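The tour moves from one selection to the next and says what is to be found at each stop.

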Amino acid sequence: PDKLSEMMAAMKDSASDYVKEVSLGGREVSSVSPYYFALVAMACLYMCFLGETAAKRTQANISEIGKRICVSPVHRLKIVVSNGVSAYVISLVNITLIMAFLIKVVHGIDISVHPGYAVLTCMLGCLIGVTFGVLIESIGKWSQNIKSAILIGASIFCAFLAGLMIGSMKDIIEKHVPVINRINPAALIADSFYCICVYDDMERLRLNLLIMGIISLLFLLA
């Protein structure tokens, strides 16, 4: 009994040598990783303001530039496509800078295992953001303030459900209402980075990318 306290202290000191927190794929998991994934998702959705600007520039009843564009001899479809492509290219530059900062400076995201899928996830995420902005700006006769409020509110709410404010929120939704995670663009983007950086689940990743592509297409058609 007189050696019991010494034995317990020795076991406590050596416990760290036998226990290590790892992911299912064998990679270490950071407790702040969910917030970084959700942050990238929100950044992609915030590209909606680029889409909003692109759509606004083509409408004569909203902007002075739109009035000049509408009376020009250039085909309407070419104008719309060129503005949309420009907004999308700028969004890709923005997300590239954000990802470079998180990878090189913050070290919050590790995409070294599947960099190609990470690039594709960012591309589809930006496409959803831009097309969503074009959609909201192009429909209805609401004021500009209302349209901006819709874009901000929708982006933040989707990011909240993806775990930006509460890291476990996406898991809670997955347990009780999983269908929301299948249609929430932010959750799809965040989950794709989970698959790339943690789970190493390519089948689930491809499904997420497919759903993201369908959502972008629906926004474009609308």
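This is a predicted model: local features need pLDDT of at least 70, side-chain atom pairs count only at pLDDT 80 or more; totals for chains, interfaces and linings use all residues.

Residues are numbered from 1 along each chain as its sequence is written, and side-chain values use heavy atoms, with hydrogens and water left out.

**Stop one: helix H5**

Select residues 76-106, which form helix H5; helices here are DSSP runs (H or I, at least four residues), numbered from the N terminus. H5 has 31 residues and reaches 44 Å from its first C-alpha to its last, close to the 45 Å expected at 1.5 Å a residue, where the expected span is 1.5 Å times one less than the number of residues.

Within H5, colour the buried residues, namely Ile79, Asn83, Ala87, Tyr88, Ser91, Ile95, Met99 and Leu102; buried means under 20% relative accessible area, exposed over 50%, and partly exposed in between, with a 1.4 Å probe and protein chains only. An α-helix has 3.6 residues a turn, so residues three or four places apart point the same way. To see what covers the buried residues of H5, show among others helix H2 (33-45), helix H3 (48-56), helix H4 (64-70), H6 and H10, the contacts being heavy atoms within 4.5 Å.

Isoleucine 90 lies in helix H5 and, at 44% relative accessibility, counts as partly exposed; its C-alpha is 20 Å from that of isoleucine 215, which is 125 residues away in sequence. Just after H5, select histidine 107, which takes a positive phi of about 60°.

**Stop two: the largest pocket**

Which residues are the closest to the centre of the largest pocket? Select Val80, Gly84, Val134, Ser138 and Leu220, which hold that place among the 22 residues of the lining. A pocket is an open set of points on a 1 Å grid over the protein atoms alone, where a 1.4 Å probe fits, with protein on both sides within 12 Å along at least five of seven lines, and lining residues have an atom within 4 Å of a point.

About 500 Å³ of space lies in this pocket, the volume being the space filled by probe spheres set on grid points that are joined across faces, edges and corners. H3, H5, H6 and H11 are the elements that give two or more residues to the lining, and the largest share, eight residues, comes from H5.

**Stop three: helix H11**

Next select helix H11, residues 202-221. At 1.5 Å a residue its 20 residues should span 28 Å, and the end C-alpha atoms are 29 Å apart, which agrees. The buried residues in H11 include Met202, Leu205, Leu209, Met212 and Phe219, and what covers the buried residues of this helix includes H6, helix H9 (178-183) and H10.

**Stop four: the salt bridges**

How many salt bridges does a search of the whole structure find? There are four, a salt bridge being a side-chain nitrogen of Lys or Arg within 4 Å of a carboxyl oxygen of Asp or Glu.

Begin with aspartate 191, which forms a salt bridge with lysine 170, the closest N and O atoms being 3.2 Å apart. This pair links distant parts of the chain, with aspartate 191 in helix H10 (residues 185-199) and lysine 170 in helix H8 (residues 169-176), 21 residues apart. The side chain of aspartate 191 also meets that of arginine 204 in a salt bridge (2.6 Å, N to O). Aspartate 191 lies in helix H10 and arginine 204 in helix H11, so the pair ties together parts that are 13 residues apart in sequence. Together, Lys170, Asp191 and Arg204 are linked in a network of salt bridges.

Finally, select lysine 147 and glutamate 137, whose side chains meet in a salt bridge (3.8 Å, N to O). This pair links helix H7 (residues 144-161), which holds lysine 147, with helix H6 (residues 115-138), which holds glutamate 137, 10 residues apart. Lysine 147 counts as buried at 3% relative accessibility, and glutamate 137 counts as buried at 0%.
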